[in-house]
Amino acid sequence: KERVATHLKVLADFGIDLEVKNDFTSLSITQPISGQDILLEEASVTATELAILLAVCANGTTILRNAACEPHIQEMLKFLVACGAKIEGAGTNLIRVHGVEELNSASYRLAADHIEIASLIAMAAITKGEITITDVDFETMRVVLQRYQKLGIHVTCENRTIFVPVHETLQIEEQYTTGQPTLASAPWPGFPSDLTPLAAVVASQASGSLLIHEKLFDSRMHFLDSLMSMGAQVIQCDPHRAIILGPNRLRAISLETPDVRTGLALLGAALVANGVSVIEDAQVINRTFHNAVGKLVRLGAAIQVS
């Protein structure tokens, strides 16, 4: 219930009656939804999307404060506008939605997912691969590529194309300070929390040490137990911080996929490990990224799905 508390609060703010009992939530509406002035308790991506979807056909204007503004939210807003929605403030933390009676159909081409692009870049770097990614919106990749330089990943960007050269070695880098190099997640436009697990895998293959600080989620660092079982040197400071010491030679083991993001990171670790790793419940990886395994196989990864 804690994970969806912000979502439930959004529903309640729109006047939807809620009854949460045991493992069930009952919803009921006694009157048409009206526009509201809503302050989100956290800048949750999916709670922001929920509020916007409720507001587009509500009576009146909805003001959404502390809204998340990740690229995929901006894409959703562009699509809704193409369908006839009236929305102001895309890409900011303050969004105004003027309700309309109905939406129209529309044709819309989604931009490439910045998390998927970033994942492919990281996997290419740790496996000493060379890849070219086309049709990229550089603005959505700016913060990721900047932080990747700290991990020793350097790419070339030109004409909506990212070229990842062969990285024979990776070196943790830190500029303008003599302290512990740190990579911290943050709401957009900060470094995406979804990439924190994969960043830890990259750090395990780089020379030096890196403090990973996962500020947004309590459970995301639990996957480090699996990475340590593979041979990574990790100092777990607390549930949100860990120091990764590298480079490490990882060994293959049997793994379980706890969720989509950590599953993709463990897949990256398996690609550089010595031996054959078995990843259970791997279907969740393809749930978010269409045919993620198939794309890696086409790039040369030796992966079998059963």
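**Entry 1: α2 and α3**

I started with how α2 and α3 lie against each other: they are roughly parallel, because their angle falls under 35 degrees. Helix α2 (residues 45–55) and helix α3 (residues 71–82) pack at about 15°, with their axes 10 Å apart. The contact uses Val45, Thr48, Glu49, Ile52 and Leu53 of α2, and His72, Ile73, Met76, Leu77 and Leu80 of α3. By class I noted 7 nonpolar, 2 polar and 1 charged residues in the contact of α2 with α3.

My reminders on terms: helices are DSSP runs (H or I, at least four residues) and strands likewise (E, at least two), numbered from the N terminus. Axes are lines fitted to C-alpha atoms, for helices over the stretch in contact, and angles run from 0 to 180 degrees between N-to-C directions. Contact means heavy atoms within 4.5 Å. Ala, Val, Leu, Ile, Met, Phe, Trp, Tyr, Cys and Pro count as nonpolar, Asp, Glu, Lys and Arg as charged, and the others, Gly among them, as polar.

**Entry 2: the model**

I am working with a predicted model, where local features need pLDDT of at least 70 and side-chain atom pairs count only at pLDDT 80 or more, while totals for chains, interfaces and linings use all residues. Residues are numbered from 1 along each chain as its sequence is written, and side-chain values use heavy atoms, with hydrogens and water left out.

**Entry 3: cavities**

On a 1 Å grid over the protein atoms alone, a cavity is a set of points where a 1.4 Å probe fits but cannot get out; a pocket is an open set with protein on both sides within 12 Å along at least five of seven lines, and lining residues have an atom within 4 Å of a point. Grid points are joined across faces, edges and corners, and a volume is the space filled by probe spheres set on the points.

I found 3 cavities of 30 Å³ or more. The largest cavity holds about 80 Å³, and α4 gives the largest share of its lining, 4 residues. The second largest cavity has about 50 Å³; its lining includes Asp194 and Arg261.

Which residues lie closest to the centre of the largest pocket? The largest pocket has a volume of about 1300 Å³, and of its 35 lining residues, Ser193, Asp194, Leu216, Phe217 and Arg220 are the closest to the centre. I count its lining as 13 nonpolar, 11 polar and 11 charged.

The second largest pocket holds about 650 Å³. Ser277, Val278, Ile279, Ile303 and Gln304 lie nearest its centre.

Key: Angles under 35 degrees count as roughly parallel, over 145 as roughly antiparallel, 65 to 115 as roughly perpendicular and the rest as oblique.
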